[in-house]
Amino acid sequence: MQRFLIKDTAKHIGEKVRVCGWVNTRRAHGKILFIDLRDISGILQVVFVPSNKEAYDLAQNLRTEWVVEIVGQIVKRPENMINPKIETGQVELSVESLKILSESETLPLTIEGDGYDINEEVRMKYRYLDLRRERLKNNLIVRHKVIKFFRDFLDKEGFAEIETPMLTKSTPEGSRDFIVPSRLQPGKFYALPQSPQQYKQLLMAAGLEKYFQIARCFRDEDSRGDRQFEHTQLDLEMSFVEREDILELVERMFIKMIETLYPNKKIQEIPFPRIPYKEAMEKYNSDKPDLRKDKNDKDLLAFCWIIDFPFFEKTEDGKWTFVHNPFSAQKQEFIPDLLNKKNIEKIVANQYDIVLNGMELASGGIRSHDPKILEKVFEIMGYKKEEIWEKFGHMLTAFQFGTPPHGGIAPGIDRIVTILQNEPNIREVIAFPKTGDGRDFMMQAPSEVDKKQLKELHISIGKTKK
RNA sequence: GCGGGCGUAGUUCAGCCUGGUUUAGAAUAAUCCCCUGUCACGGGAUAGAUCACGGGUUCAAAUCCCGUCGCCCGCGCCA
């Protein structure tokens with residue numbers, strides 16, 4: 001017998017159905033016993049009466065979160081017993097037979113409610129239970145829909161989704177890498193990608209022209225409410241484009257996504273305002289200003305572009321480093337200064353961020369595809385020629401064989417969904433997030449590994465602090 | 001690395017400031033009993049807490065002091 005999803009049962013009054021799910025609540029009234037049965041689609045009231053002795057007696061044992069299979073008839077409720085709070089409130093299931101599929105111990109946390117006030121440690125340790133709550137289940141499903149929207153949208157625009165390696169090369173600049181020891185190359189390490197930046201540019205060199213990827217990115221820096229060790233980006237790159245092409249595409253994609261998935265939300269200003277970095281700093285003292293006119297309006301979305309970032313900035317020890325991305329291009333008028341290493345602090349990058357309600361959603365840029373210019377950038381940052389070629393030779397070489405002008409952007413999926421779902425924290429839209437100090441309470445990661453594993457990897461552990 | 005907040009039944013909290021009628025209290029979950037229409041069902045009973053851990057002050061510490069650990073938020077950091 002085919003299984004019915006609970007949300008579909010209301011359309012089948014009078015029919016015999018089979019439903020499966022969890023006991024959400026149990027209300028025993030002496031002779032009559034109600035169960036609210038929950039599955040992925042909704043909640044259905046199930047009625048057990050003594051006249052069906054076998055099922056009734058078995059149902060006495062049921063407790064919250066037991067998993068059951070029930071066959072019965074969908075019947076219309078009497079007028080005065082309709083529950084308008086649930087989708088199936090006008091019907092109920094009159095039980096023929098009950099099968100217990102799985103029992104449950106007393107729960108370590110409450111599944112009812114939004115769960116915000118439950119200790120994070122408990123929620124994370126029993127994340128699979130925490131995720132049973134409506135709010136979190138919904139967040140994950142909505143997240144899926146957002147990703148699917150982007151995939152379908154970009155597919156229609158002629159993009160191809162292409163996977164790039166998770167095991168790659170440590171990059172000397174930028175964020176701290178997660179490294180992975182190599183067994184076959186003793187003493188050498190892979191790094192997990194901080195972003196697919198170099199690979200996607202090499203795909204442009206390869207002539208793929210329009211690339212995207214739902215890409216996991218890893219950065220070994222301390223966590224925040226809007227930051228985890230690993231996050232997911234909608235990474236995209238296009239060839240033969242200028243800044244305008246990227247901004248137009250991304251803006252159109254976001255607007256369409258909001259209209260489709262969040263028809264109740266209002267976008268404050270279309271087209272998205274564009275604010276040069278300098279102006280943003282002068283006016284808002286921030287490069288991610290929150291432009292919402294009413295910050296209490298949960299449905300208001302204020303997007304903006306921040307453009308024209310400076311390319312270089314001085315580090316503490318007085319050396320030049322890049323502000324955003326060493327592979328970004330400079331705006332055309334600054335190329336002579338770059339090549340002559342003049343007015344370095346004034347050089348402006350062809351670099352743009354998209355900001356939503358005060359949160360940086362994405363960073364992108366038109367890239368350098370001229371090896372001489374890219375080499376000059378690293379030279380200004382104090383790299384020796386041999387060093388540049390050792391670290392970035394693959395990029396410079398690729399650019400010597402006919403690489404088209406290209407550019408892209410990478411919106412953060414976690415942050416987008418966090419804002420759209422009005423969540424206070426990025427963890428609420430990630431299935432299995434880590435704690436502030438990078439631990440997984442459920443899996444007990446990170447963990448020590450077997451001596452044999454270490455030996456194979458040619459690794460020995462020195463003294464650790466503690 | 002630094003600053004702030006928090007830590008009491010399975011869970012969420014009260015009690016702490018002002019130490020002693022507190023045998024650490026409640027709600028909810030749990031166990032048992034009663035109830036044929038509830039939907040946060042209701043009524044009754046039972047059980048459940050080394051008050052995060054360690055030390056100190058005191059006749060007396062959940063309460064005051066010091067240290068440690070854990071979680072959260074922020075700063076640093078985060079192409």
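Q: Does Thr 315 count as buried or exposed in this predicted model, and where is its place?
A: In this predicted model, Thr 315 has 11 C-beta neighbours inside 10 Å, and a residue with 12 or fewer such neighbours is classed as exposed. The place of Thr 315 is in the loop between β15 (312-314) and β16 (320-322).

Q: How are helix α10 and helix α11 oriented to each other?
A: The axes of α10 (residues 371-380) and α11 (residues 385-399) come within 9 Å and cross at roughly 160 degrees. Angles over 145 degrees count as roughly antiparallel, so α10 is, relative to α11, roughly antiparallel.

Q: Into which classes do the residues of the contact of α10 with α11 divide?
A: On the α10 side, the contact has Pro 371, Leu 374, Glu 375 and Phe 378, and these meet Ile 388, Phe 392, Met 395, Leu 396 and Phe 399 in α11. Taken by class, the residues of this contact divide into eight nonpolar, no polar and one charged.

Q: Which element gives the most residues to the surface near RNA strand B?
A: RNA strand B is surrounded by 52 residues, and the closest are Gly 30, Gly 174, Ser 195, Asp 222 and Gly 436. Two or more residues of this surface come from each of β1 (16-29), β2 (32-39), β3 (42-48) and α3 (120-125). With four residues, the element that gives the most is β1.

Key:
Residues are numbered from 1 along each chain as its sequence is written. Chains are lettered from A and ligands numbered from 1 in the order in which they are written. This is a predicted model: local features need pLDDT of at least 70, side-chain atom pairs count only at pLDDT 80 or more; totals for chains, interfaces and linings use all residues. Axes are lines fitted to C-alpha atoms, for helices over the stretch in contact, and angles run from 0 to 180 degrees between N-to-C directions. Angles under 35 degrees count as roughly parallel, over 145 as roughly antiparallel, 65 to 115 as roughly perpendicular and the rest as oblique. Two residues are in contact if their C-beta atoms, placed from the backbone, lie within 7 Å. Ala, Val, Leu, Ile, Met, Phe, Trp, Tyr, Cys and Pro count as nonpolar, Asp, Glu, Lys and Arg as charged, and the others, Gly among them, as polar. A residue is near a molecule or strand if its C-beta atom, placed from the backbone, lies within 6 Å of it. A residue is buried if 20 or more other C-beta atoms lie within 10 Å of its own, exposed if 12 or fewer, and partly exposed in between; C-beta atoms are placed from the backbone.
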